[in-house]
Amino acid sequence: MEDELEPSLRPRTQIQGRILLLTICAAGIGGTFQFGYNLSIINAPTSHIQEFTNETWQARTGEPLPDHLILLMWSLIVSLYPLGGLFGALLAGPLAITLGRKKSLLVNNIFVVLAAILFGFSRKAGSFEMIMLGRLLVGVSAGVSMNIQPMYLGESAPKELRGAVAMSSAIFTALGIVMGQVVGLRELLGDPQAWPLLLASCLVPGVLQLASLPLVPESPRYLLIDCGDTEACLAALRRLRGSGNLARELEELEEERAACQGCRARRPWELFQHRALRRQVTSLVVLGSAMELCGNDLKAGVPEAKVQYATIGTGSCELLMAIVSVAGVDEGWRVQARLTSTSPLPRPWQSLFPWTLYLAVACIFASILSFGIGPAGVTGILATELFDQMARPAACMVCGALMWIMLFLVSLGFPFIMEALSHFLYVPFLGVCVCGAIYTGLFLPETKGKTLQEISEELHRLNFPRRAQGPTWRSPEVIQSTEL
């Protein structure tokens, strides 16, 4: 009888798999893809935008800008992106609570549309201020999407695939970086006359998300626990999983809903005040900081004419390893530490032995490969897996704010570190990688194949080891996440 039913069930299973895949792609193309894309496309038109800034200033005042002020203007254009990301990270929690995960991603495209308009008309308007405001807006969009997308995918995926699905955020980030590098080639939109179109091309992923995301369901966990809508949750589960084997998952969601009944939403600062969340917050802060401080800003002495092609190679390496990053975060940190220790060795010899240039590039590629195995992929989903439904939005706000602050500090301090340490540039980054590997191996619990409720119970036992033999824990006091 089972053999007779199998052919009829197979098309339905394929349809459900396609819906989950569409959910991943729809959330990713306008989510972390935008982050990676806007992070990389700004590199190609650097000299063109600086010339435009100088010409605009000269047309207004009759005098050209001094070189140091041109550099300052360019630094502002670049640094406004992580500043906007910080604002977006702080906005992501309230948006995810009030609008839901899917609607927040849709509304987030308003910032992209406004930024694309500013970029596209900045040259005709003769205003470099429009570029600055556009960079701030795409930064806000990136900050929102980088926090809500892993949350949405992690809550929508079955537990067997939750880690791999949530880590697709890193894949789309790497894909966005590569696409931005390719589109920014001089042969495509890297031409001196095409840079407004290059910056405005961020509109394309936004339009694709607006067209595809309405076709997929909202997070079932959000619908049941936050909204209390059992029917909508069941309908979303049926679309994502099919009609079979839903009773157990629905029961788990009901258990978590009962544990959260009557509680209010956690604020970000409250995460640091509760002992029941101590290990989670520590892991989030330590590994989130280490990811940004692991020395992934690399320099190998590649000739200027070949830099754009070398950067495409590094971006492709990160994309490749993001795809296979389910290998594990702890192994990724260990490999990253080993390869970071070798990265600076060839550089002093490049003037004497030209072949060491290729060895340096190989070390850089290998370091980026190891970065994609663990730090870039797994670290980004810690907030989704380590925190319960009620604390998750606040945890994503903390994680996002921390990431953007560290990114800003690294961007600001890296040139000075490079000048001060010279050939020993990567020694402090090596220490960060070693500490990240040690912490991950000793203190981060395994989450693979476990429900979010089971992860919460294990973390509670770790936070309260003396109470491990007591009565069954029902989860920490947490929130009805519809209340701000």
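**Close-up views of a predicted model**

View 1. Glu252 and Arg248 are joined by a salt bridge in which the closest N and O atoms are 3.3 Å apart. The model shown here is predicted. Both residues belong to helix α14, where four residues, about one turn of the helix, separate Glu252 from Arg248. A salt bridge also connects the side chains of Glu251 and Arg248, at 3.6 Å from N to O. Glu251 and Arg248 are three residues apart in helix α14 (residues 247-260), so about one helical turn lies between them. An α-helix has 3.6 residues a turn, so residues three or four places apart point the same way. Glu252 has a relative accessible area of 16% and is buried, because buried means under 20%. Glu251, with a relative accessible area of 40%, is partly exposed, and Arg248, at 48% relative accessibility, counts as partly exposed too.

**View 2. Other salt bridges.** The whole structure holds six salt bridges. Glu249 and Arg241 are both buried. Elsewhere, a network of salt bridges links Arg101, Glu155 and Asp226.

**View 3. The aromatic pair Phe52 and Trp195.** The model has six aromatic pairs, counted by ring centres within 6.5 Å. In the pair of Phe52 and Trp195 the ring centres are 5.1 Å apart and the planes stand at 55°, so the pair is tilted. Phe52 comes from helix α3 (residues 46-61) and Trp195 from helix α10 (residues 195-200), and the pair links distant parts of the chain, 143 residues apart. Phe52 and Trp195 are both buried.

**View 4. The aromatic pair Tyr81 and Trp404.** The ring centres of Tyr81 and Trp404 lie 5.7 Å apart with planes at 85°, so this pair is edge-to-face. Tyr81 is in helix α4 (residues 67-98) and Trp404 is in helix α20 (residues 392-421), so the pair ties together parts 323 residues apart in sequence. Tyr81 counts as buried at 1% relative accessibility, and Trp404 counts as buried at 2%. Together with Phe35, Tyr81 and Trp404 form one aromatic cluster.

View 5. The 32 residues of α4 should span 46 Å at 1.5 Å a residue, and the end C-alpha atoms are 47 Å apart, which agrees. A kink of about 35° is found at Leu91 in α4, shortly before the proline Pro94.

**View 6. A nonpolar surface patch.** Leu99, Val107, Ile110, Val113, Leu114, Ile117, Phe121, Leu203 and Val207 make a nonpolar surface patch of about 710 Å². Two elements, α6 (109-125) and α11 (203-212), each give two or more residues to the nonpolar patch. With five residues, α6 gives the most. Leu203 is part of helix α11 and, at 32% relative accessibility, counts as partly exposed.

**View 7. Ser219 and Tyr152.** Ser219 is placed in the loop between α11 and α12 (220-226). At 0% relative accessibility, Ser219 counts as buried. Ser219 and Tyr152 are 67 residues apart in sequence, while their C-alpha atoms are 6.0 Å apart in space.

Technical notes: Residues numbered from 1 in each chain as written. Predicted model: local features only at pLDDT ≥ 70, side-chain atom pairs only at ≥ 80, totals over all residues. Heavy atoms only, no water. Phe/Tyr/Trp six-rings, centres within 6.5 Å; stacked < 30°, edge-to-face > 60°. Buried < 20%, exposed > 50% of the residue type's maximum accessible area, 1.4 Å probe, protein only. Expected span 1.5 Å × (residues − 1). Bend = angle between axes of the 7 residues up to and from the residue. Patch = residues over 30% accessible without salt bridge, like charges linked within 9 Å, V, L, I, M, F, W, Y side chains within 5 Å. Areas by Shrake-Rupley, 256 points an atom, 1.4 Å probe, with all protein chains shown as cover. Salt bridge = Lys/Arg side-chain N within 4 Å of Asp/Glu carboxyl O.
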